[in-house]
Amino acid sequence: MLEVKGLRKVYRTGTREVEALRDLTFTVENGDLVCLVGPSGCGKTTLLRCVSGLLDPTSGDVRVDGKAVDGPPPGMAVVFQEYGRSLFPWMNVRDNVELPLKQKKVAKARRAELVEQSLDAVGLTGSESAYPWQLSGGMQQRVAIARAVAYEPQTLLMDEPFAAVDAQTRADLEDLVRQLWKRLGVTILFVTHDIDESVYLGQRVVMLSSSPTVVQDELIIDLPEARDQLTTRADPAFIALRTRVYEQIQAAKRNAGQ
Ligand SMILES: Nc1ncnc2c1ncn2[C@@H]1O[C@H](COP(=O)(O)OP(=O)(O)OP(=O)(O)O)[C@@H](O)[C@H]1O
């Protein structure tokens, strides 16, 4: 279980202070797929950096299975928005996916197996020898997802991973995430500013206010487990849920303006 309790982050640069996160509390049960949605600049990246141990919070804490996070937790992998910057251009696809496994000291034969399986899972079998710059944006993001999946994480953090790809690729990648989640039983915390995406993907949506950020509301997404881009998005229940999330985000912006 991932627990975020009373998380606060104030950035201090010289005499300037920015209170990015004011007070965030929420939990993600093992095996859940939870989406965090909030307006631009509300501190989503800051939150993920605190959860993944890359940044120290000013106060509050993050626990994974009861243990306080102090540095990157071993069973966690992150997929960032900027795939162009997260893949090494001088390494081919195979080597990019294999690198974290080498760092984890996984034996060679097992590494080869994991690389093959994860590239197959994201539909990239045959692209092992290509370099990132020879691939489309959507394919590069698939490589980043394969790299995270090969690591066999218990928890996968995704920071607006599809913000930079076109709409059709985005829809394919959303379906890929749900498919991998079901197949691997991994816990996913997926951050997005896209309301429709949060409702389509999540079992639960945690809505954040504008900065300084608090949890505005949480919503259970009681849509059928089997989702597809056409029928789910046309379902009146989907439309009602997205309207609720939209209203909450608008309310959060109004409150911030006061
Ligand atoms: N290193 C830093 N130093 C000072 N302020 C920062 C730093 N990083 C982020 N901030 C500030 O903290 C706030 C939250 O930023 P953050 O990038 O976490 O938001 P976000 O929700 O991920 O943004 P976006 O939706 O645009 O990706 C912003 O006001 C930002 O300017």
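Reply: Helix α1 supplies the largest share of the shell around the ligand, with three residues. The model is a predicted one, and what follows should be read as computed from it. The shell has 13 residues, and those that come nearest to the ligand are Tyr11, Ala20, Lys44, Thr45 and Thr46. Two or more shell residues come from each of β1 (2-13), β2 (16-28) and α1 (44-51). Sorted by class, the shell holds eight polar residues, four nonpolar ones and one charged residue.

Across the boundary, 10 residues of domain 1 are in contact with eight residues of domain 2. On the domain 1 side of that boundary, helix α6 (residues 167-184) gives the most, with five residues. By class, this side of domain 1 has nine nonpolar residues, one polar residue and no charged ones.

The nonpolar core can be described next. The largest nonpolar core has 65 residues, and Val37 and Leu189 touch the most other members. Helix α5 (residues 137-150) is the element that gives the most to this core, with eight residues. At least three core residues come from each of domain 1 and domain 2. Leaving aside residues up to four places away in sequence, Leu189 touches Leu2, Val28, Val34, Leu36, Val51, Thr155 and Leu157. In soluble globular proteins, nonpolar side chains tend to be buried together.

Finally, the overall fold. The protein has nine helices and 10 strands. Its C-alpha trace spans about 55 × 50 × 35 Å along the principal axes. A compact globule of 258 residues would have a radius of gyration near 18 Å, and the protein agrees with this because its own value is 18 Å. Of the 258 residues, 40% count as buried. Among contacts with a separation of 6 or more, 71% are between residues 24 or more positions apart.

To return to the part requested: the shell around the ligand takes two or more residues from each of β1, β2 and α1, and α1 gives three.

Technical notes
Residues are numbered from 1 along each chain as its sequence is written. This is a predicted model: local features need pLDDT of at least 70, side-chain atom pairs count only at pLDDT 80 or more; totals for chains, interfaces and linings use all residues. Helices (H or I, at least four residues) and strands (E, at least two) are DSSP runs, numbered from the N terminus. The radius of gyration is taken over C-alpha atoms; the globule rule is 2.2 Å times the number of residues to the power 0.38. A residue is buried if 20 or more other C-beta atoms lie within 10 Å of its own, exposed if 12 or fewer, and partly exposed in between; C-beta atoms are placed from the backbone. Two residues are in contact if their C-beta atoms, placed from the backbone, lie within 7 Å. A nonpolar core is a set of buried Ala, Val, Leu, Ile, Met, Phe, Trp, Tyr and Cys residues joined through C-beta atoms within 7 Å. Domain bounds come from an automatic or database domain assignment. A residue is near a molecule or strand if its C-beta atom, placed from the backbone, lies within 6 Å of it. Ala, Val, Leu, Ile, Met, Phe, Trp, Tyr, Cys and Pro count as nonpolar, Asp, Glu, Lys and Arg as charged, and the others, Gly among them, as polar.
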